[in-house]
Amino acid sequence: MQQKFKEARERAFQEYIDLLDSSPRPILAFTPEVPFYPNKQLSKMFFLKKLELHNDDVFLNSAQPEATVVLMKKTSFTTAFVERWAYLTLCENYKLVDDNLYAEEELPEFRGTHRHDQSILSALSYKNNTHILKGQHIYGLSPFFAGRMTDEPRSLLWTPPSVPL
């Protein structure tokens, strides 16, 4: 059984590499199948207005990718993408990524928690038409293993080091 999981993960990883190799925009992000959180729930209005996405229904209703795992093949396009991502994170004294709502009237669906640089990743991916695999999670049979220390069962996701740090 473990061998089948390994083979499935290796196949998926090779598919991701092939997709990046054949793309003029070699960036690959992932959205979870469940839960589905559209951008309108996770991005504050100040941010949406600055990036001119506050009236874009396609963007607002599309799933926000997770920033935990993003695959990129180094090209001039991806270098510029990362530079823009970093710039938007730092510009205007971090106003696009902080939790201040700046007295903007939020969308009714907004959950009250802005997703910081993850929102920037979502906006840049959308504006640059990069690959976002919907329903492809970074957990389970994915070639990537990610989790939070708060996930349960915790013992499967994190083990304290056996040697003191």
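Leaving aside its neighbours within four places in sequence, Leu88 is in contact (heavy atoms within 4.5 Å) with Leu51, Leu96, Ile120 and Leu124. This is a predicted model, in which local features need pLDDT of at least 70 and side-chain atom pairs count only at pLDDT 80 or more, while totals for chains, interfaces and linings use all residues. Residues are numbered from 1 along each chain as its sequence is written, and side-chain values use heavy atoms, with hydrogens and water left out.

Leu88 also belongs to the largest nonpolar core, which has 20 residues. A nonpolar core is a set of buried Ala, Val, Leu, Ile, Met, Phe, Trp, Tyr and Cys residues joined through side-chain atoms within 4.5 Å. Here, buried means under 20% relative accessible area, exposed means over 50%, and partly exposed is in between (1.4 Å probe, protein chains only). The core members that touch the most other members are Phe47, Leu48, Leu51, Leu88, Leu96 and Ile120. Two or more residues each come from α3, α4 (57-61), α5 and α6. Apart from this core lies another one of 8 residues, including Ala12, Leu28, Val69 and Leu71. In soluble globular proteins, nonpolar side chains tend to be buried together.

## The overall layout

Let's step back to the whole chain. The protein has 7 helices and 3 strands; these are DSSP runs numbered from the N terminus, with helices being H or I of at least four residues and strands being E of at least two. Reading along the sequence gives the pattern α-β-α-α-α-β-α-α-β-α.

Of the 165 residues in the protein, 35% are buried. Among contacts with a separation of 6 or more, 78% are between residues 24 or more positions apart.

## Helix α6

Buried residues in α6 are Gln118, Ser119, Ile120, Leu121, Ser122, Ala123, Leu124 and Ser125. What covers them includes α2, α3, α4, β2 (66-72), α5 and β3 (131-133). After α6 comes Asn129, which has a positive phi, near 55°.

## Salt bridges

How many salt bridges does a search of the whole structure find? The search finds 5, where a salt bridge is a side-chain nitrogen of Lys or Arg within 4 Å of a carboxyl oxygen of Asp or Glu. Side chains of opposite charge can pair when their charged atoms come close. One of these bridges joins Asp98 and Lys44, with the closest N and O atoms 2.6 Å apart. The two residues are 54 residues apart: Asp98 sits in the loop between α5 (76-94) and α6 (116-127), and Lys44 in the loop between α2 (39-42) and α3 (45-50). Asp98 is partly exposed, at 22% relative accessibility, whereas Lys44 is buried, at 0%.

Another bridge pairs Glu104 with Lys49, whose closest N and O atoms are 2.8 Å apart. Glu104 lies in the loop between α5 and α6 and Lys49 in helix α3, 55 residues apart. Glu104 is partly exposed at 24% relative accessibility, and Lys49 is partly exposed at 40%. Glu92 and Lys50 also meet in a salt bridge, at 3.4 Å from N to O. Since Glu92 is in helix α5 and Lys50 in helix α3, this pair ties together parts that are 42 residues apart in sequence.

Tyr37 lies in the loop between β1 (27-30) and α2. Is Tyr37 buried or partly exposed? Tyr37 counts as partly exposed, at 26% relative accessibility.

Leaving aside neighbours within four places in sequence, Tyr37 is in contact with Leu42, Ser62, Ala63, Gln64 and Arg111. The C-alpha atoms of Tyr37 and Ala63 are separated by 5.5 Å, although these residues are 26 residues apart along the chain.

## A pocket

The second largest pocket holds about 190 Å³ of space. On a 1 Å grid over the protein atoms alone, a pocket is an open set of points where a 1.4 Å probe fits, with protein on both sides within 12 Å along at least five of seven lines; lining residues have an atom within 4 Å of a point. Grid points are joined across faces, edges and corners, and the volume is the space filled by probe spheres set on the points.

This pocket is lined by 13 residues, and the closest to its centre are Ser62, Tyr126, Thr130, Ile132 and Lys134. Helix α6 gives the largest share of the lining, 3 residues.
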